[in-house]
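Open the model in your viewer and keep the selection panel at hand. The tour goes stop by stop.

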There are 4 protein chains.
Amino acid sequence: MAGNSFGNIFKLTTFGESHGEAIGGIIDGCPAGLTLDFEAIEADMNRRKPGQSAIVTQRKEPDSVRFLSGIFEGVTTGTPIGFVIENTNQKSKDYSHIQDAYRPSHADYTFDQKYGFRDYRGGGRSSARETASRVAAGAIAKQLLKGITCNAFVSSVGDIYINKPYQDLDFSKTEDTPVRCPDLETAEKMISRIKEIKKDGDTIGGTITCVLKNVPIGLGEPVFDKLHAQLGKAMLSINAVKGFEFGSGFCGTKMKGSEHNDLFNPDGTTKTNLSGGIQGGISNGMDIYFRVAFKPVATIMKAQETIDSQGNVVEMQGRGRHDPCVVPRAVPIVEAMAALVLADFWLLNKLSKL
Amino acid sequence: MAGNSFGNIFKLTTFGESHGEAIGGIIDGCPAGLTLDFEAIEADMNRRKPGQSAIVTQRKEPDSVRFLSGIFEGVTTGTPIGFVIENTNQKSKDYSHIQDAYRPSHADYTFDQKYGFRDYRGGGRSSARETASRVAAGAIAKQLLKGITCNAFVSSVGDIYINKPYQDLDFSKTEDTPVRCPDLETAEKMISRIKEIKKDGDTIGGTITCVLKNVPIGLGEPVFDKLHAQLGKAMLSINAVKGFEFGSGFCGTKMKGSEHNDLFNPDGTTKTNLSGGIQGGISNGMDIYFRVAFKPVATIMKAQETIDSQGNVVEMQGRGRHDPCVVPRAVPIVEAMAALVLADFWLLNKLSKL
Amino acid sequence: MAGNSFGNIFKLTTFGESHGEAIGGIIDGCPAGLTLDFEAIEADMNRRKPGQSAIVTQRKEPDSVRFLSGIFEGVTTGTPIGFVIENTNQKSKDYSHIQDAYRPSHADYTFDQKYGFRDYRGGGRSSARETASRVAAGAIAKQLLKGITCNAFVSSVGDIYINKPYQDLDFSKTEDTPVRCPDLETAEKMISRIKEIKKDGDTIGGTITCVLKNVPIGLGEPVFDKLHAQLGKAMLSINAVKGFEFGSGFCGTKMKGSEHNDLFNPDGTTKTNLSGGIQGGISNGMDIYFRVAFKPVATIMKAQETIDSQGNVVEMQGRGRHDPCVVPRAVPIVEAMAALVLADFWLLNKLSKL
Amino acid sequence: MAGNSFGNIFKLTTFGESHGEAIGGIIDGCPAGLTLDFEAIEADMNRRKPGQSAIVTQRKEPDSVRFLSGIFEGVTTGTPIGFVIENTNQKSKDYSHIQDAYRPSHADYTFDQKYGFRDYRGGGRSSARETASRVAAGAIAKQLLKGITCNAFVSSVGDIYINKPYQDLDFSKTEDTPVRCPDLETAEKMISRIKEIKKDGDTIGGTITCVLKNVPIGLGEPVFDKLHAQLGKAMLSINAVKGFEFGSGFCGTKMKGSEHNDLFNPDGTTKTNLSGGIQGGISNGMDIYFRVAFKPVATIMKAQETIDSQGNVVEMQGRGRHDPCVVPRAVPIVEAMAALVLADFWLLNKLSKL
């Protein structure tokens, strides 16, 4: 209700601020009998965590997940899975300079207005640190979705983009470079660009594309919980996201019906897939693909004028260790949120018909 | 849960198929004491209804809303508002030709797969007729949001688009043309284009932009129910929508942080508004603006090959009265959904602090 | 959220006041493929409706349910089932005498305080007329629960009660008398008592016992949504209910563990059933039985002193046609609510394990 | 959804098994700006914890709550409050004897059937240890409810009961004896009785009465979330509870309307209070009082025949440290659940009218 839960049946509730004692969450509704692969969970956590490479923040966060309940001898028991991720390396002093000032395009001002005051140590609840809990839960959701593959990758950084359809990409190469772009030539350009930007104390935006394969037919709950509506909400709930499109997306608005319609093959598959694997809000068995827009990170290492809580104009300059471009680390978050949506609808769909 | 409710506190649940007896809904959570302007509700219903002009479908649907409860002597009582809109002009025979065939890029196939069979009379539940209930509820939500204005308009049809920032538009002109584009020169081009397309038996996509002014600071419930995440879900739940972006949107991905950050004025407003009125998922008092992508309508008046439920290839041609371009009639739907989101968060926000 | 929905998956939302245009509701989450028996629905509606016999109110309400959606050719489609019951015989003038006065032990005063004013025509939303929608929905829930039987009956009226265990009763006799007590000797005494009370212009309380047989093992969702907790809430939400107990109930508090424990048979059934068919909040396959306490109806045909909204003392006397004892007509309501709880948990339980 | 959350706005989700690593929960929806009294929280935790006296279990559990988020400098921030209570003194070996056997009248059999297997170390999720999380959350809810007092006490143990109306009791004496009965003479009898029972290796049931004073008018959300319906669900969700009644309760069923109706004083209070402070599901400002029935604890120190998971008959005898009577320790749990219900409705009620 107050915004910290996601999902209907496979439901994640998270807690925690960037500079509190710990973050974590509860997954309620995971069926009993799922044998968990903890290494796979750890692997996703490592993909998200800071300090992996020269193009992401150098903060060190161990990000290891401690599961407290809901699992017995490695198998889910059907009871809620509580988990905690300690905040071990948070340097609160790094943030003393912003105690009285609102960082531009951050949530400082709006949190202060909404709640009457704020935890000024870093982003608090609005920090992307919270997404570590999503990745942990998403990793479990992925394991529930046997046979479904979920591949996200960086499709653009600034104006550098992959100029190929996703079908021509080899997703096994996504992790080959720190920028998580499976087209290695483009990846190199992206990395150079990010390094340049970083040197300049600036940041840059980008997009992530996500492809979901082998999704069973029937997922999605019209009319309000259409599969793409819930995927859109999931993506837009990730920090720094400004847009979402699936299938033909914004390009599709320029097309004619006779061009856009996906004609059927006799087996129910379609000859084209401008629908993006979803028709009427329900998966049709074709690949689901969508694109997520991320703005440039708001914390820059350049001086900016801003105001404090009394409305005084003050100068501020980002310190600490921040990402020059958020998309590489956001790839596992996009996958996690997609998996949470699919797991929830996969369970709900078991109840569609007698 | 099964997808037919929207909202947390100001909650709309809808029912009804295009060719059933009636559609309607229940609004639960509207506070007592709101004096309703029924003419304003009727006006919004009329904006959505078919048959308004030469560029939309010629079906006639009276679309008058019968309120059954929750209102006493014109004032809301705090009890649920039930309402019904009769389906008076549904010609089921128009649909006999599709009883055994799946219309391409419609929900026929997915509904059949999900539920085991389908109501083959028109779109059934997936028909845009359902959105009439949303418009009725949204019209009440608008009245709750005194002082907030909610202006949607057609910003593009195919590749014809308004080449001006929204600040340069006069929203009082939106209703001057049937295409609902306030830039009258562009409107003329759009109308010509839609007429051409219609003559050709084809359809075309487009975009709608929506601007929300005077939204109080503090609306939105992070981390999952961020204001823009819920707006995105609301828009993506509208038929034919393929994408959503707010503020700088997809363009913002190409920008640098130093360009993108919205610097503060001493009064807490910002000098620029690439954030689109939302920071950290919470409204900041600036204009909220977003753009919604609509695909071309799938029903075309041209022959298409498709399959029937046995997988036989059959030929099909759209009949009946359908829209060549959906965006003009979708304008009030976009406004309604935006109003539902705002009303819900406006109520929830009263509980943010002691 | 605002209290007019019940259930998680099989979810009923109701609307409507006693003297508005109509009441009704939406059932969301009923699986597709259920062939409905409309006569069975009508039969339950008739059991609840006023005017059936000399011991209940003589108001006439046709109470026929008009289903508007979610059903195609007699079979549920998986889309929401909207329904309406018109208020055809509401005499608003009967209530003019209470416009300015609060009826003792009614909801008049609390509604006025909570919502700022009230619909003074009868009970408004707090009238038991609302339960007609519950009976309609419960009748569908019953049909979903093939093989489960749901038998409620009047077990006491005032201090007259059935002095036998339920196992000795023949539930096929419940409908043989208007008091709905299957023990015909006791039924006669109850009827005499109610007639006496009625003659006196007074009212009397009573209890209903409900027995659910053949409930599958596994229904109920601990820790908060224990089967008996949700049954208790369901029953306590019915007008005039003051208490709920299941299994050994309040008597069980006087027992020792060695007497109260239900020992197992080798097949998992238990030798005794003081647990009432529920252990740890989950059905164990034994009979579920519970008892519901109803207070005497507050509207009496005797003069009572009360106050008006200005705090003036006024005299008031019930008019119109009211029940001298509510329990006979409440029997189908108890069954309906029990069926709604079971249907919801029966669906949810399909998701408990892989 | 899967049963581990309680509340709409002030919402508690709990996790944890008796013999897992830790238990805990998340409170979402607590408004910002509440200065917490941690000693009061600790005091409630101590009232619930085992090992307090000779008449309760001698297990030692430190039960100290570690708050991880949502609080900054002692004040709630409006973000979710995550908390953990470590399981430090769980002796899993105590339970090896029940690994293959179902304890009579416990949840062993039903959990096994529902989830396909069970965590056999103690009660797992169905253990009353879970209620420690409720007490922690309830202690915060109490602090939100300034001015409202919430007094629960043991009103009977077996057939020994307080033979006085609650108005004649001095609640400040409730904590004077380990049995938590404020009538000290009756308390002595209860203690003797429990000691007897314990010596015998047996257990005994009892009741708790709870009185809520100074509750504002208007709490409760008809028609399904009536205040007493939600209180009833809350109480019935506590381990070992078999019944709930409020106001006149089951006794009220024997009364006539003319006796039972609470006549008004000119100020809106009532001369009597058989309604128990709730009319039409909404608090009316009078004292709310209710009674909760607890069965005897199922674990007894006597040999009982039972079955194992293969259906073999085996003999079993309780070991370890269990309560001979659960009601003394359940007093703070009843208060906690009542406070959670009130806090939730207190917040919701702010939205009832414009």
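This is a predicted model: local features need pLDDT of at least 70, side-chain atom pairs count only at pLDDT 80 or more; totals for chains, interfaces and linings use all residues.

**Stop 1: chains A and B**

Select chain A and chain B together. How many residues does the contact take from chain A and from chain B? Chain A gives 107 residues, and chain B gives 107 residues. Between them, chain A and chain B bury about 8,200 Å². Carbon and sulfur atoms account for 61% of that area.

Now show three side chains in chain A: A:Lys114, A:Phe224 and A:Lys242. These lose the most area to chain B. Together they make up 11% of what the chain A side buries.

**Stop 2: polar and charged links between A and B**

Stay at the interface of chain A and chain B. Four salt bridges cross it. For one of them, select B:Lys114 and A:Glu221: their side chains meet at 3.0 Å, N to O. Polar contacts across the interface of chain A and chain B join 51 residue pairs, both residues at pLDDT 80 or more.

**Stop 3: a strand pair across A and B**

Switch to cartoon and select residues 241-246 in both chains. This is strand E11 of chain A with strand E11 of chain B. In which sense do they pair, parallel or antiparallel? The two strands pair in the antiparallel sense, over three bridges. Pick A:Gly243 and look across: B:Glu245 in E11(B) stands opposite.

**Stop 4: annotated positions in chain A**

Next comes a selection taken from a record. An unreviewed UniProt entry places the feature "binding site" at A:Arg125, A:Ser126, A:Ser127, A:Asn239, A:Ala240, A:Gly280, A:Lys295, A:Pro296, A:Val297, A:Ala298, A:Thr299 and A:Arg321.

Zoom in on one of them, A:Ala298. Where does it sit? A:Ala298 lies in the loop between strand E14 (288-294) and strand E15 (303-307) of chain A.

**Stop 5: a hairpin in chain D**

Move to chain D and select residues 303-307 and 313-317. These are strands E15 and E16 of chain D, paired in the antiparallel sense over five bridges. Within the pair, D:Glu305 stands opposite D:Glu315. E15(D) and E16(D) form a hairpin, with five residues between them. Click on D:Gly311 in the turn: its phi is positive, about 85°.

**Stop 6: chains D and C**

Now bring in chain C. The contact takes 107 residues from chain D and 107 residues from chain C. About 8,200 Å² is buried between chain D and chain C, with 61% from carbon and sulfur atoms. On the chain D side, D:Lys114, D:Phe224 and D:Lys242 lose the most area to chain C, together 11% of what that side buries.

Between chain D and chain C there are four salt bridges. Select D:Asp225 and C:Lys233 to see one, with its closest N and O atoms 2.6 Å apart. The side of chain D that touches chain C has 41 nonpolar, 44 polar and 22 charged residues.

**Last stop: E11 in C and D**

Select residues 241-246 in chain C and chain D. Strand E11 of chain C and strand E11 of chain D pair in the antiparallel sense, over three bridges. Finish on C:Gly243, which stands opposite D:Glu245 in E11(D).

How values were computed. Residues are numbered from 1 along each chain as its sequence is written. Chains are lettered from A and ligands numbered from 1 in the order in which they are written. Side-chain values use heavy atoms; hydrogens and water are left out. Contact means heavy atoms within 4.5 Å. Buried area is the accessible area (1.4 Å probe) that two parts lose on being put together, summed over both. A polar contact is a pair of N or O atoms within 3.5 Å; within protein, one must be able to donate a hydrogen and the other to accept it, and residues adjacent in sequence count only if both atoms are side-chain atoms. Two strands pair if DSSP finds at least two bridges between them. Helices (H or I, at least four residues) and strands (E, at least two) are DSSP runs, numbered from the N terminus. UniProt positions are given in the numbering used here, feature names are shortened, and annotations may be inferred rather than shown by experiment. Ala, Val, Leu, Ile, Met, Phe, Trp, Tyr, Cys and Pro count as nonpolar, Asp, Glu, Lys and Arg as charged, and the others, Gly among them, as polar.
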